[in-house]
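Colleague: I am new to this structure and would like to learn how to read its features. Please take me through a few of them.

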Amino acid sequence: MAGGAALAAGSLVAATPATVAAEQPWVTVSDDGFVTFTVSDEAVQEHFGDVDQLVAEGNFGPSANWAQWGISHRGGTWSSVMGPLEPGLYYYQFTGDDTKVVKDPTNPTSVASEPEWSTFFIPGESASLLADVPEGQGGEIETMTYHSTVTRGPRSALVWTPPDYDPERRERYPVLYLQHGGGQGYRDWVEVGRAKQIFDNLTLRGDMEPMVVVMGDGNVADFDKELLRNLRRAARHEYNISHRREQQALAGLSMGGYQALGTLFAHPGEFAYVGSFAGSREAPPRIDAKKINKGTEVLRLYTGNITDGAYNRTYRLMQQLDSAGVEYQFDGVNPDRGHNWNAWQENLIDFVPRLFRDAPDDGPSPGHLPLEAEFEQPPAGTTPTPWITEDRFVTFETTTAFKDAENVTVWGNWAPGGSWIRVEMDRVGDRWRATIGPLEPGFHHYRLIVDGVATKDTSNPTSVTSEPTWSTYFIPGESARLLADVPEGQGGTVETLNYHSEVAGEEREAYVWTPPGYDPDRAEAYPVFYLQHGGGQSYTDWIEMGRAKQILDNHSLDGNLEPMVVVMANGNVADFTTELRENIVPAARSAYNISDEPSKQALAGLSMGGGHTYGVLKSHPGEFAYIGVFSAGFGSADGVDAAAINAGTSLLKVYVGDQTDFVYPSFMESLETMDQLGIDYVFDGATPGPHGWDVWQKNLIDFAPLLFQ
């Protein structure tokens, strides 16, 4: 018997000394769904050798598809924080320099068909059916071994029996034969699919008829013969299961779904219940619809979204079934899942409660969509990239310049909160393509990685001055309304201000936003907001990446913004305080109708710019009545005049990303420092997301309307 603990992959627990050496876990999961990857230099050297890049690959991408999460190297350790992740099972491997694949040696979970994989489970209400049930309340998993006349040798299957299974029960149990996909094996439904947990939970909730589930090995040349003559015969011999047609079901994922459909077409009536989880196939020229309809209680089809390779094939199969008069059910297109275990777990959860009982309905799952046409991409080279659908799927396509490349990925801000994650591109002719989604509405940025080298997508005309390899695009939606362009002629104006920097010893530039209706001769001078960029950036970034113009324009049109002038200058200088007070501010006052009253001046910045802002606040308290700090620490408390800061500051509001923001620990320490000094400040909690533009856009959206009120 194979015990549940040995096969229920998912929990990160301490391994026994006999399993692995005592080593710091490479992966740890917090209670709130953040995952920390930590690998020491010594461990990397031992397991990978010399590498320049380390990633964790797993089902972390959009639609739970496979993606690569970069791990940063700092101070003798490779580490990064991802999340928060949705509840569920995650499978992953570590890869160095795109070729050196290693299983996490500190995680005792395993996947037989994918020896490099490990798994971890994040609990939560949405994944409650995937969680372990209390010990002793679930069914049992056993290994059944039998002789195959097809392979002419021994084969194995896993068998789940329900709680209180009685081998002598007079009424035989119904049976479900559940098949895996291509490149997988008979253990996958338990090790990755969480089948045991799903069956256990459905049973305890009363949503599943007591049945026996046989998970066989579908890697065989003649599946029908293996199933009908060998696997089914062995199961009937070993278990108290029914021979009656109406108490037999067959389902499978991908290749297994293909096999299930093939059995249905070739042997209609053998199984009263048939399910295909993203495993559609072309129907044979002649379908005996009468026999299928008479002998099949439920034929139910499933597919993921357009990133699922079965999407178009499912559509074509449905057209054939409709034409032939075959009765079937369609679960609808799962809009948030691709061709992966997350989708197939949901399929199993939907399918099993329909077996051997009257199901409440035969319609699609809540939130699933109709499948009305095949997904067709434009011919290569005929459309700008990326190509974006109305339902927020994005297709990237390279030029022919990389036709001889060996590995191309696209790396963008698609992970939770806007963190960066890489998706592999596929070679299509002499170009490379990748489709991802659905993505959240908002401003997205990305770059190509061609054989390990960061590369600009030259098919995309957008550019980022401080990041020459980046490109951008915008996905509209209500949640991103404040980042969208306003109607032409209704927004403010962005101009370039030229000024001389004595500190830098050069001519410099700044961007200046003036509000709609700005009047240079207005009797009352406008309030002014100095907005600074971060390290490695420049004055162009708040416009090119921060969507500052769109944010300010929309707030102005909504009536949320006091008419003001916003100055975005170059902070790349050794002494920013002097640069601001003696160069930037005088130049702005000379060119624009702005106030010199402290109560009408604001200063904010992100990261390095936030540090600069703190520096000005500490050295010249009261010069700027409104202070905003985005993702930066307070720094030293030496010589800080807290009373002067409080007296001269109308608002000091501080912001930081969540645990994925690498300044989060130092930021939280800064709050303690300011508390000890008695400085008044406002902090509304972490902004979901990393040390990146998705967070800083939200910070500006919140901060700007608070000024000069």
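Colleague: What should I know before starting?

Modeller: This is a predicted model, in which local features need pLDDT of at least 70 and side-chain atom pairs count only at pLDDT 80 or more, while totals for chains, interfaces and linings use all residues. Residues are numbered from 1 along each chain as its sequence is written, and side-chain values use heavy atoms, with hydrogens and water left out.

Colleague: How is a pair of aromatic rings described?

Modeller: By the distance of the centres and the angle of the planes. Rings of Phe, Tyr and Trp (its six-membered ring) pair if their centres lie within 6.5 Å; planes under 30 degrees apart are stacked, over 60 edge-to-face, and the rest tilted. There are 42 aromatic pairs in the structure. One of them, Phe60 with Tyr90, is stacked, at 6.3 Å centre to centre and 25° between the planes.

Colleague: Where in the chain are Phe60 and Tyr90?

Modeller: Phe60 is in the loop between β3 (54-58) and β4 (67-74), and Tyr90 is in strand β6 (residues 88-96), so the pair links distant parts of the chain, 30 residues apart. Helices (H or I, at least four residues) and strands (E, at least two) are DSSP runs, numbered from the N terminus.

Colleague: Are Phe60 and Tyr90 buried or exposed?

Modeller: Buried means under 20% relative accessible area, exposed over 50%, and partly exposed in between (1.4 Å probe, protein chains only). Phe60 is buried at 5%, and Tyr90 is buried at 6%.

Colleague: Which kind of pair do Trp693 and Trp696 form?

Modeller: Edge-to-face, with 5.2 Å centre to centre and 85° between the planes. Because they are three residues apart in helix α16 (residues 693-703), about one helical turn separates them. Both Trp693 and Trp696 are buried.

Colleague: Why is helix α9 largely enclosed?

Modeller: Helix α9 (residues 341-351) is largely enclosed by the rest of the structure because nine of its 11 residues are buried. Among them are Trp341, Trp344 and Phe351.
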